[in-house]
Amino acid sequence: MTGEFTVALLGEVFDDAEAIKRLPENLREARDNGAQLVVLPELPLNPWSPVTRKAVASDAEIPAGPRHQLLSQAARQAGVGILGGVIVTESARRHNCALLFDAGGRLVMQYAKMHLPQEEGFWEACHYEPGTEPPTVTDALGPRIGIQICSDVYRCVGSQLLAAQRADIILAPRASPRASLAKWRLAYRAMALSTSAYVISVNRPGPEAGAPHIAVAPNGELLVETTEALTVLALDMCKVATARKDYPGYLDFSLAAYADGWKRMSNTSTSNSTSS
């Protein structure tokens with residue numbers, strides 16, 4: 001894709017009835033400022049329940065449940081794409097899922113978080129299970145878009161898989177405290193440089209998180225670091241093509257060799273597990 005693609009970083013959560021009333025207005029504001037896609041934080045329609053170890057049934061919903069429908073309707077009414085997320089329960093298993101909707105409210109991608117923290121304030125493994133499906137890309141909104149969620153960034157296999165699928169933009173909603181900002185800044189810059197893709201990360205506000213939102217160019221340049229509730233950013237898609245031609249973007253992914261290596265690791269893990 002060439003030309004510009006405009007993304008809005010909307011750093012708010014809508015976790016109660018009063019807050020939800022603000023969502024359409026926020027989306028229209030982003031659209032009126034040129035946004036084609038609005039990126040929300042991790043689980044934007046939920047309170048941050050992983051602050052405790054206790055899972056609450058009302059935090060989750062069946063596939064295409066009420067939070068899903070709210071996001072779909074909001075996208076359709078505002079005429080803008082949305083990246084949101086919900087906790088989905090299916091076959092008695094819960095997953096933290098990012099949901100990408102186009103401007104017509106159609107779900108074009110769903111991705112379940114694969115790497116779950118388990119520490120004070122972030123007892124996520126008590127609330128949902130790791131996803132099991134590898135990340136993919138979609139071009140339903142124009143550029144090729146892939147998704148990672150929060151701590152997935154620290155296991156870069158997913159982002160490299162997206163790069164091998166020629167992702168132009170990697171969306172990475174998160175919930176992280178300000179104290180860990182230096183790590184996240186470094187990780188997202190490395191992700192962008194190693195994938196030749198834009199990386200857009202919108203963080204949850206408030207006591208459980210509050211670190212700045214981050215946007216990084218395909219060459220690793222930090223474009224935005226802000227705690228503003230709304231930031232609109234025009235992405236020059238020609239920079240993706242340029243980064244892929246420059247070092248290290250032109251390096252081959254050696255897919256077959258790495259696939260074989262991971263297969264061997266998987267077999268080794270299975271063997272060790274059986275023997276123990």
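This is a predicted model: local features need pLDDT of at least 70, side-chain atom pairs count only at pLDDT 80 or more; totals for chains, interfaces and linings use all residues.

Reader: What is the phi of C150, and where does C150 lie?

Author: C150 isn't a glycine, yet its phi is positive, at about 45°. As for its place, look in the loop between β10 (145–147) and α3 (157–164).

Reader: How many disulfides are there?

Author: A disulfide needs two cysteine sulfur atoms within 2.5 Å. For C126, the nearest cysteine sulfur is that of C150, 16 Å away, and C126 is in no disulfide. The sulfur of C156 is too far for a bond as well, because its closest cysteine sulfur, in C150, is 16 Å off. By that rule, the disulfide count is zero.

Reader: Is C156 buried or partly exposed?

Author: Buried would take a relative accessible area under 20%, and exposed one over 50%. C156 has 46%, so it is partly exposed.

Reader: Where does R166 lie, and how exposed is R166?

Author: R166 also has a positive phi, about 65°, without being a glycine. R166 lies in the loop between α3 and β11 (169–171). Its relative accessible area is 47%, so R166 is partly exposed.

Reader: Which peptide bond is cis?

Author: Go to the loop between α5 (238–245) and α6 (255–275), where P248 is found. With omega near 5°, the cis peptide bond is the one from Y247 to P248.

Definitions and conventions: Residues are numbered from 1 along each chain as its sequence is written. Side-chain values use heavy atoms; hydrogens and water are left out. Helices (H or I, at least four residues) and strands (E, at least two) are DSSP runs, numbered from the N terminus. Buried means under 20% relative accessible area, exposed over 50%, partly exposed in between (1.4 Å probe, protein chains only).
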